Amino acid sequence: MTATTFHAHERPGVVTRALNWLDERGPMSWVIVMIGSFIFAGPLGLLVLGFILITGRFSGRKCRSLHAGCPSRYDLRMHFKAARPTGNAAFDAYKADTLARLEREQDEFEAFLHRLREARDKAEFDQYMEERARAAAAETASAEGDATESPRGQY
């Protein structure tokens, strides 16, 4: 069974089945399709290359942030091996549920880290604004102090 589940009344189209078939065979199948399309027609090869890059077919998952970095080559190999069905329906269902849960937990953790960074940045910005306001108030107070100390008859 593929990673995508379809209901009985929802039969996938030819293009969807072809994309799923290529995804199940890993990134080398996409490389072969891309090279073949370049040989067949250059513009078609460019379209295939653009599709591969835009949809992230090689990376499995797009990089979420610059700080997290991209997955290593080992991670990508394991992702593609984990996506292949084993033939045991019960184990495949368990594996799909577990992988979905782990991805959801990873998304939640990355969202937590993002909120944590935003809170830290806001605290630093608030501190900067308070220091700036104190400096402006001190400057205003010293300017008013200088104006009151000057003699009145100097015009």
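Of the 155 residues of the protein, 11% count as buried (under 20% relative accessible area, with exposed over 50% and partly exposed in between; 1.4 Å probe, protein chains only). This is a predicted model, in which local features need pLDDT of at least 70, side-chain atom pairs count only at pLDDT 80 or more, and totals for chains, interfaces and linings use all residues. Residues are numbered from 1 along each chain as its sequence is written, and side-chain values use heavy atoms, with hydrogens and water left out.

**Exercise 1. List the elements and judge the confidence.**

Step 1. Count the elements. The protein has 5 helices and 0 strands. Both are DSSP runs, numbered from the N terminus: helices are H or I with at least four residues, strands E with at least two. The order from the N terminus is α-α-α-α-α.

Step 2. Check pLDDT, the predictor's confidence in each residue, from 0 to 100. The average is 76, and 70% of the residues score at least 70.

Step 3. Helix α5 (residues 89–149) has the highest confidence, at a mean of 90. Helix α4 (residues 73–83) has the lowest, at 56.

Step 4. Over residues 61–68, pLDDT stays under 50. The model has 11 contacts beyond four places in sequence for this stretch; contact means heavy atoms within 4.5 Å. Where pLDDT is low, the predicted coordinates should not be read in detail.

**Exercise 2. Describe how α2 packs on α3.**

Step 1. Get the geometry. Two packed helices are described by the angle between their axes and the distance between the axes. Axes are lines fitted to C-alpha atoms, for helices over the stretch in contact, and angles run from 0 to 180 degrees between N-to-C directions. Helix α2 (residues 27–40) and helix α3 (residues 42–55) pack at about 155°, with axes 5 Å apart.

Step 2. Name the arrangement. α2 and α3 are therefore roughly antiparallel. The classes are: under 35 degrees roughly parallel, over 145 roughly antiparallel, 65 to 115 roughly perpendicular, the rest oblique.

Step 3. Read the contact. From α2, it includes Trp-30, Val-33 and Phe-38; from α3, Leu-44, Val-48 and Ile-52 are among the residues. By class, there are 11 nonpolar, 3 polar and no charged residues. Ala, Val, Leu, Ile, Met, Phe, Trp, Tyr, Cys and Pro count as nonpolar, Asp, Glu, Lys and Arg as charged, and the others, Gly among them, as polar.

Step 4. Zoom in on Ser-37 of α2. Ser-37 is buried, at a relative accessible area of 5%. Leaving out residues up to four places away in sequence, Ser-37 touches Gly-42, Leu-44, Gly-45 and Val-48.
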